[in-house]
Amino acid sequence: MEEDLRRAAFGDSPGLDVWRALGAPSSRVRWLAAVVLGGQGHYAAAATALDALRHDPDPVIASLAFSTRASHLRQVGAHRLARPLDGAALAKAPRTGPPDEDGIDAEGARTDALLGLAADSLGAQRLGEARRLLARVETRSWRGEVRQGWVTAEIELASGRAEHAVAPAERAHATSTGRKALRHELKSALVLGTSLVVWGTPDGLNRGLELVECELNHSASERLKPLIWPSALVLAGHAPTVGAVAIDRATEALSCVLRRADAVSRQVALDSPWVPSGLLRSGEPPNADPQTNFLTD
C-alpha cells in the first residue's frame with residue numbers, strides 16, 4: 001500500500017482514490033494519504049488525519065503532519081494560522097535519522113518546516129525574514145529541492161524581481177519532471193510559467209502562457225483543484241481569448257476547494273487578500289493577484 005501512496009503523493013498518480021488508506025495501521029501511509037487528499041483539495045478530510053498524526057510517536061511523521069497541515073492552510077490564504085504549526089513542525093523535527101528518497105526523514109521534516117516558515121513570512125510581507133529562513137535550508141531530497149525552488153521564485157516575484165524568479169523555477173520544473181512527480185511538475189509549471197509571464201519578455205510571455213495553459217488542462221484532468229484557480233486567473237489576465245472560460249474554471253475550482261475545507265479555513269479564505277473570493281460573488285477577479293500569490297505547497 002505504501003508504494004501506491006508514494007506514487008500518488010510524489011509520483012505519476014496524484015488523482016488516485018486514497019480514502020481507504022486513512023484507516024491504515026501505518027502512520028506513514030495515513031500521512032501520505034493526507035498529502036494526496038490535500039493535493040486534490042479535500043482539506044477537511046486531510047486536516048482530520050493530520051491533526052491525529054501530530055501526536056504520532058514517530059517524530060518525523062509528527063513534524064510532517066504539522067507542516068503539511070500548515071501548507072494546506074496557506075493554500076487557502078491562512079498564513080497567520082500556518083505559522084505556529086510550522087514552528088511546531090521545526091521543534092518536532094529530529095536532528096538525525098535514516099534517509100528516505102522522498103524526504104520522509106529527519107532532514108526532510110526540517111526542510112519542510114523551514115520552507116513553510118519562509119512562506120508564512122512571505123505571506124505576511126516580511127521578505128527579509130523569508131530570505132533569512134530560506135537561507136537556513138539544507139536539503140538533499142528531490143522534493144525539498146523542488147519546494148525550495150518554488151519558495152525562492154515566490155520571494156523574488158514578491159520583491160518585484162521576476163527576472164530572478166525564473167532560474168529557481170526552471171530548476172524546480174526540471175527536477176520534478178525528471179522524477180515524474182506529476183503534481184510537483186504541474187505546480188512547478190505554474191510557478192515557472194507565471195514567473196515568465198510576470199517577467200514579460202516576448203518569448204518568455206509566450207512560453208509562460210503555454211506552460212500555464214498546459215498545466216491547467218492536466219491539473220483539471222487529474223482533479224487537482226488547488227492548482228486550477230490560480231492557473232486560470234493567470235490566463236484570464238494575459239490570454240483574452242480564453243479569459244471568460246478561465247474565469248468560469250477558476251470560480252468552479254475555488255468553490256469546490258472551499259466546500260471541501262474545514263469551517264475555520266473556509267472563513268479565513270473568504271477574508272484573505274491571498275484568495276480571490278470575489279469570484280464566488282461576481283465572477284470577476286478581485287484584488288488578489290494570481291501573478292505573485294501561489295499559496296506555497
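Which residues have the most contacts inside the largest nonpolar core? That's where I'd like to start today. They are Leu5, Phe10, Val18, Trp31, Leu32 and Ile104, in a core of 42 residues. By nonpolar core I mean a set of buried Ala, Val, Leu, Ile, Met, Phe, Trp, Tyr and Cys residues joined through side-chain atoms within 4.5 Å.

Quick housekeeping. This is a predicted model, so local features need pLDDT of at least 70 and side-chain atom pairs count only at pLDDT 80 or more, while totals for chains, interfaces and linings use all residues. Residues are numbered from 1 along each chain as its sequence is written, and side-chain values use heavy atoms, with hydrogens and water left out.

H1, H2, helix H3 (43-53), helix H4 (59-74), H8, helix H9 (162-178) and helix H10 (182-199) each put in at least two of its residues. H2 gives the most, with eight. Helices here are DSSP runs of H or I, at least four residues, numbered from the N terminus.

Now the rings. Two aromatic pairs come out of the count, where rings of Phe, Tyr and Trp (its six-membered ring) pair if their centres lie within 6.5 Å; planes under 30 degrees apart are stacked, over 60 edge-to-face, and the rest tilted. Phe10 with Trp31 is tilted, at 6.2 Å centre to centre and 45 degrees between the planes. That pair links distant parts of the chain, with Phe10 in helix H1 (residues 2-10) and Trp31 in helix H2 (residues 27-39), 21 residues apart. Phe10 counts as buried because its relative accessibility is 6%, and Trp31 is buried too, at 1%. For the record, buried is under 20% relative accessible area, exposed over 50%, and partly exposed in between (1.4 Å probe, protein chains only).

Phe10 also pairs with Trp142, edge-to-face, at 6.2 Å and 80 degrees. This one runs from helix H1 to helix H8 (residues 142-158), 132 residues apart. Phe10 and Trp142 are both buried. So what do the ring pairs link into a cluster? Phe10, Trp31 and Trp142.

One more ring: Lys187 lies over the face of Trp150, 4.3 Å from the ring centre. The rule there is NZ of Lys or CZ of Arg within 6 Å of the ring centre and within 35 degrees of the ring normal.

On to the loops. Most residues other than glycine have a negative phi. Gln125, though, has a positive phi near 65 degrees, in the loop between helix H6 (106-123) and helix H7 (127-135). With 53% relative accessibility, Gln125 counts as exposed. Arg223 has a positive phi of about 65 degrees as well, in the loop between helix H11 (202-221) and helix H12 (225-238). Is Arg223 buried or partly exposed? Arg223 is partly exposed, with a relative accessible area of 48%.

While we're at H7, that helix also holds Arg131, which is partly exposed at 33%. Arg131 and Ile155 are 24 residues apart in sequence, and their C-alphas are 7.5 Å apart in space.

Last stop, the lining of the largest pocket. It has 18 residues, with Arg95, Ala106, Glu107, Glu138 and Arg140 nearest the pocket centre. A pocket, on a 1 Å grid over the protein atoms alone, is an open set of points where a 1.4 Å probe fits, with protein on both sides within 12 Å along at least five of seven lines; lining residues have an atom within 4 Å of a point.
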